[in-house]
Amino acid sequence: MDFLNLSVSTSWWELSKPPLDISTNGHLIDSLFVYTSVLAVFYFILVCIGLFGFSYLYSQKRNKTPYYTYGNKKKHLLVTAFIGAAVFLSVDLNITRLSNNDLLDVFWKWPNPKTEKVLRVEVMAQQWMWSFRYAGPDDQFGTADDIVTNNDLRVPTNTKILFHLTSKDVIHSFFVPNVRLKVDTIPGRITRVWWDANIPGEYDIVCAEMCGTHHYLMKAKLTVYSEEDFNRWRSTSEKLALNANDPDDKNLAWGWKWEY
Amino acid sequence: MKRNELQNNLAMTVVLISAAMLFVTLFMGYAVYRSSADVWPPVGVAKVSLWLPFLSTIFISISSWYCYQVRLSVAKNDISAAKSQLWLTTVLGLAFMLAQSGLWFFMKSSGVFVTSGIFASVMYGFTWIHAVHVVLGLFALGYLRWVLRTPSPYILQKTINVEKFWHFLGVVWVVMFIGLFVF
Amino acid sequence: MSGGYNEIHPEPTTFWSKYIISFDHKVIAKQFLWYGIAFLGIGGLMALLIRWTLAYPGEAFPVIGHLLFPNSAGIVPPDSYAMLFTMHGTIMIFYAITPILIGAFGNYCIPLMIGARDMAFPMLNMLSFWFAFLSGLVLLASLFLPLGAAAGGWTSYPTLSTMIGSPGAGQTLWCVAIFLFGVSSTMGAVNYVTTVITLRAPGMGYFDMPLTVWGLWLTAILNAIFVPVLGAGVILLTLDRVMGTTFFLAGASATSGSGDPVLFQHVFWIFGHPEVYILILPAWGIVSDLLSFFSRKPAFGAKATALSMTAVSVLSTIVYGHHMFTTQMSPLLTQSFMTLTMTISIPSAIFFANWLGTIWKGSIRFDSPMLFSLGVVFVFGLGGLTGLHLGTVTTDLYLHDTYFVVGHFHYTMAASVLLGGYAGIYFWFPKMFGRMMNETMAKIHFWGTMIPLNGIFFGMLMVGYGGMHRRIYNPFVYDSLKRLMPINEMITISAILMGLFQIIFVINFLWSLYKGKKAVNNPWNVGTLEWTIPSPPVHHNYDVIPVVKCGPHEFGNPNLKNGRDFQYQTEELVQGPA
């Protein structure tokens, strides 16, 4: 029962905070969440005031004679319509607009490898493993100099990372809690996602979509390097890759040609 | 009596909407497959020859027409005519099933196996699902034959219900014929 | 089909025709009730096994663990865990909520509340139950297969649910069971729709129907339209599994794959989103009525409530895409689904306002049905509002497939429907069985359910926001989830508490069945038609078909002079001096 006495060190509020945001844009999602929550709490408080307030004020003991009304007077209809409209205008339109702006300005604004610094990574999900593929010195995917890693993604800071993902068997979902984004990996089609990571360290990559018995074990390690460290790792790995790559190994030959 | 009629019509409408939704879902899926494929049928697969499905269409259309005649006869209280028309309806329904089985054997012998991809899946799967409904329809025709044996005030209503279902199967087949085979 | 013409049918005499293949809607309702409560118990036990595993991974489940999992020393193994959450979802949605809310209350309340002697098609009604029964048997049988039951989640997304991810017959039997269930639901829907349209007592317009009937009727319409969509989906899935077609197969593991796994998701949610409302609409209807009954004043804006429920039903059919934001549909679809989803909050806000308007200036009696109804308003408020986070695309990208979703849909679908169902059971028990339930035990049951329930589901919202994803067997695998363990433990302890308090309900139910105080015809002083006849009603319900002269919520009319504060629907509305 240690959950009862942990208030000393960490409050429950602290506990349920989302994991550290390591990306440039994760705060957009966090702040929209908080914004939505504030609105939701506001309306929930209204509901509670009505629910508990009326229950208290108008209990049989305190109010012997109920007010005989069908609630169809003009005044009542106006109040009801006002509440409907208020919810729509204050909550729905607002969060839809904010979310839409974020999508168009950030999350759907795909980085262009030709004009900006972008690291491209191909991801292959399978039961129960993540494989990552970086283009080698030739900048082409599916060639012998690709760096291929399993359950081990390493990325530099200050770089947009563009993922193209697919799955070998069942649907998985590529979820990095620390950047707040997830996207399904679907057999037979390629999905994409981009983010950047600015705080060096090690983080979890998880599979968020039920993918079989060992769904819970399908995790990969995300290592965020500074740019120098990343370049060092990359050049070492490229040499290793060229030596170690076995063209007959079917398990390694899953890369595909990068399109659009 | 009036209320009974209304109830039957309503209930049959709900049944047909439900059954239609099942087929609508299938056609929606077909539309997705069709529109996301570069070429249809996929490369290496030949279009299924039209003559067997066309034969099926003829059978089920005439069958539907006879089913309509059954209802007219029952409405005129001409039960013996209704019985022979019902007989024809049923035979044509069986002929439809025969033509469908022929179609499946034909597809198999021309190298389109159930397991050979999405084109075959659609062709076999959809026609199977329709065929199962036709079998249900044939049972309904059998039930109607049994109903016609004994006079009762509800014969006409029951005939109308069965007739609607049989027409529905015909319509679904025609849509399938045009959508899957011709188009 | 032969019709029902509201004539008096002779009462069946043999045990077989009276209790087993009975055509009587009241008996069928009770069959559905027993069936639903039994499955509720099974599904609830599964929930406890799931929760235990999440809070105390690697520890044997207390008391019955060794019995259930002898091969793993009482610990739930990972493959059984997947089966448990799959079956928990399937059972609770299709085999517990649906039979209780739609099967039991639908069958019991619709004919009685609209003044009919039975359903329009009594035989179809009987078949509906037995198809549901068969479906339940198939599902339970799948638990005893060598490779176990379906384990791909209640959503059964391919390609996990095809042979690639789920060998063995469990998933196939799941499809068969769901299809049979769909047949049963459609039969029920045919009956409900027809009955409400054709068998309303003379004088009863659509807006004179109690809102319970409105809710059930809308549910039936949605059922008739959307259950077959799932039917088509599971047929294709079955063909993929059994016949080797490739409708939903794609990717490297599918040798001849050229199908589309996402298509199943579309089909599933075209059904699945209306299904959410199929489950909640009867509860909304019941709550709308009970709030008025126990506040002793007319339902505030009853017409607007009915129309809002209708609007929600219509909207529910065009918003399903919000379940699939992470599959990366086209941006246009994504934006449209987000916007459409948001519009649902308008009718929801309206009937919330009406619910609060109903208790405003009432004279509220806090009997157990009322407590449960107020509970529904509370938990559905929380559930509905957390939907905002999930309907918004960007926040959904973080929250999708986390426990936040689990918390949200349990608040809306499980908590509100469960409380609504209990409200209904406590309210109609006297009419069904002719005896009252024990009020003290009912109140203990309410608080014992309500408080832990919020502990469970609010806890889920918290761990979800904390980043815990769904359907994992052991949170300790992830360093980032270890800090959430105290909350997980709190959820589990709440769940066990809530489970224990349900025992009080079962005891109360069984005890009251035989030993409860005899109920009078109208113990709650309510004016709807079912309270004008004896408790329990005679076989043909109404000796004389009633004629309806006023609405279902006539309470507190100051012109009433007969010592009652309510009017029966069969009485002319009392008018004041002009």
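Q: How many bridges join strand S6 to strand S9 of chain A?
A: In this predicted model, strand S6 (residues 172–176) and strand S9 (residues 201–207) of chain A run antiparallel. Phe174(A) stands opposite Cys207(A) in S9(A). Two strands pair if at least two bridges are found between them. For S6(A) and S9(A) the number of bridges is two.

Q: Which strands of chain A stand at the edges of the open sheet of five strands?
A: The order of this open sheet is S4-S10-S9-S6-S7 (chain A), and the pairing is mixed. From one strand to the next, the twist averages 25°. Two strands have a single partner strand each, so one side of each lacks a neighbour in the sheet. These edge strands are S4 (152–156) and S7 (181–185) of chain A.

Q: What angle does the direction of helix H4 of chain A make with that of S4(A)?
A: Helix H4 (residues 227–244) of chain A packs on the sheet. The strands that H4(A) touches are S4 and S10 (219–225) of chain A. Between the directions of H4(A) and S4(A), the angle is about 130°.

Q: Which chains share the most contacts?
A: Two pairs of chains are in contact. Chain A and chain B do not touch, their nearest C-alpha atoms being 11 Å apart. Chain B does have contacts with chain C, where 32 residues of chain B meet 34 residues of chain C. Of the two pairs in contact, the one with the most contacts is chains A and C.

Q: Which element gives the largest share of the side of chain B that touches chain C?
A: Two elements of chain B give two or more residues to this side, helix H1 (2–36) and helix H4 (118–149). By residue type, the side divides into 18 nonpolar, 13 polar and one charged. The largest share is 20 residues, and these come from H1(B).

Q: What share of the contacts in chain B with a separation of 6 or more comes from residues 24 or more positions apart?
A: The C-alpha atoms of chain B fill a box of roughly 60 × 30 × 20 Å along the principal axes. Of the 183 residues of chain B, 37% count as buried. Among contacts with a separation of 6 or more, the share from residues 24 or more positions apart is 78%.

How values were computed: Residues are numbered from 1 along each chain as its sequence is written. Chains are lettered from A and ligands numbered from 1 in the order in which they are written. This is a predicted model: local features need pLDDT of at least 70, side-chain atom pairs count only at pLDDT 80 or more; totals for chains, interfaces and linings use all residues. Two residues are in contact if their C-beta atoms, placed from the backbone, lie within 7 Å. Helices (H or I, at least four residues) and strands (E, at least two) are DSSP runs, numbered from the N terminus. Ala, Val, Leu, Ile, Met, Phe, Trp, Tyr, Cys and Pro count as nonpolar, Asp, Glu, Lys and Arg as charged, and the others, Gly among them, as polar. Axes are lines fitted to C-alpha atoms, for helices over the stretch in contact, and angles run from 0 to 180 degrees between N-to-C directions. A residue is buried if 20 or more other C-beta atoms lie within 10 Å of its own, exposed if 12 or fewer, and partly exposed in between; C-beta atoms are placed from the backbone.
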